[in-house]
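Thanks, everyone. I'd like to walk through salt bridges and nonpolar cores today. Please have a look at the model first.

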Amino acid sequence: MVVLSASICTRGGKALVSRQFVEMNRLRVEGLLAAFPKLVGHAKQHTFVETDSVRYIYQPLENQMFLLLITTKGSNIVEDLGTLRLLAKVVPEVAGGLQEHHINDSAFDLIFAFDEVLTAGGYKEEAS
């Protein structure tokens with residue numbers, strides 16, 4: 001499983017918090033995040049969308065926000081969904097809520113929490 005990026009973004013694609021786990025330039029990250037809302041549309045049946053190069057795995061949060069993992073297409077989607085569920089439990093605990101101002105106020109703590117779950121290179125930490 002290789003996670004390229006973990007983000008919390010608005011429905012419009014604006015990143016509130018984003019952490020990259022592999023070397024990516026800023027334009028590529030912003031481009032991937034900007035493309036996400038167009039790919040999702042109004043589909044409520046799935047929690048992932050694929051493009052030619054990446055897979056977006058997401059979970060809607062409150063207040064028109066998404067928790068988003070951008071992975072390689074070769075990563076294990078079942079493991080990625082487990083990682084997404086774990087991050088979805090961690091975010092409200094660390095931020096103290098799911099409102100945009102809580103996310104913004106806790107940005108660094110959220111990045112550190114993402115680092116606790118995922119290692120550099122985008123692999124999930126094994127907890128014992």
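Predicted model: local features only at pLDDT ≥ 70, side-chain atom pairs only at ≥ 80, totals over all residues.

One definition before we start.

Salt bridges first. How many does the structure hold? There are four. I'll take three of them.

Start with Asp115 and Arg19. They form a salt bridge, and the closest N and O atoms are 2.7 Å apart. Asp115 sits in helix H4, residues 107-117, and Arg19 in strand S2. That is 96 residues apart, so the pair links distant parts of the chain.

Next, Lys14 and Glu100. Their side chains meet in a salt bridge, 3.5 Å from N to O. Where do the partners lie? Lys14 is in the loop between strand S1 (3-10) and strand S2 (15-20), while Glu100 is in helix H3, residues 100-105. The pair therefore ties together parts that are 86 residues apart in sequence. Glu100, at 32% relative accessibility, is partly exposed.

Arg26 and Glu30 form a salt bridge, with 2.8 Å between the closest N and O atoms. Both residues lie in helix H1, residues 26-40. They are four residues apart, about one turn of the helix. Arg26 is exposed, at 65% relative accessible area. Glu30 is partly exposed, at 38%.

On to the nonpolar cores. The largest has 23 residues. Which members touch the most others? Ile8, Leu67, Val91, Ile103 and Phe114. At least two residues each come from S1, S2, strand S4 (54-61), strand S5 (65-72), helix H2 (77-95) and H4. H2 gives the most, with five residues.

Look at Ile103 in particular. Leaving out residues up to four places away in sequence, Ile103 touches Ile8, Leu16, Val17, Met65, Val91, Ala95, Gly97 and Leu110.

There is also a second, separate core, this one of 16 residues. Val29, Phe36, Val40 and Ile70 are among them.

To recap. Asp115 with Arg19 links distant parts of the chain. Lys14 with Glu100 ties together parts 86 residues apart in sequence. Arg26 with Glu30 stays within H1.

Methods
Residues numbered from 1 in each chain as written. Heavy atoms only, no water. Buried < 20%, exposed > 50% of the residue type's maximum accessible area, 1.4 Å probe, protein only. Core = buried A, V, L, I, M, F, W, Y, C linked by side-chain atoms within 4.5 Å. Contact = heavy atoms within 4.5 Å.
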